[in-house]
Amino acid sequence: MVIKVQEMPEYQPGRGYSKDDWDAVFDKPPMSKEEMEAASPFKEAFSDLAAKIDKVIAARGRQDR
């Protein structure tokens, strides 16, 4: 599944977040190669959540469409 991300160049009210929230994250630079390499995989960083997700997927089956 490919998800297209549409970047919004400016704040638009009524989308579930405040102007302060927008300002806090909008101008963050992308992660560097070193930061990406130092990051933990999801299953390591959130092992309890990953186990629950795996359990739900196993119980209902994958929903690829």
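**Stop one: a pair within a helix**

Start by selecting K19 and D23, whose side chains meet in a salt bridge, 2.9 Å from N to O. Keep in mind that you're looking at a predicted model. Now show helix α1, which covers residues 19-25. K19 and D23 sit four residues apart in α1, so about one helical turn separates them.

**Stop two: a pair between helices**

Next, select K43 and D54. Their side chains form a salt bridge too, at 3.2 Å from N to O. This pair links distant parts of the chain, with the partners 11 residues apart: K43 belongs to helix α3 (residues 42-45) and D54 to helix α4 (residues 47-60). How accessible is K43? At 54% relative accessibility, K43 counts as exposed, because the cut-off for that label is over 50%. D54, by contrast, has a relative accessible area of 37% and is partly exposed.

**Stop three: along α4 and off its end**

Stay with α4 and pick its first and last C-alpha atoms. They lie 20 Å apart across the helix's 14 residues, close to the 20 Å expected at 1.5 Å a residue. Finally, step on to G61, which follows α4, and check its backbone: phi is positive there, near 85°.

Terms used
Residues numbered from 1 in each chain as written. Predicted model: local features only at pLDDT ≥ 70, side-chain atom pairs only at ≥ 80, totals over all residues. Heavy atoms only, no water. Salt bridge = Lys/Arg side-chain N within 4 Å of Asp/Glu carboxyl O. Helix = DSSP H or I, 4+ residues; strand = E, 2+ residues; numbered from the N terminus. Buried < 20%, exposed > 50% of the residue type's maximum accessible area, 1.4 Å probe, protein only. Expected span 1.5 Å × (residues − 1).
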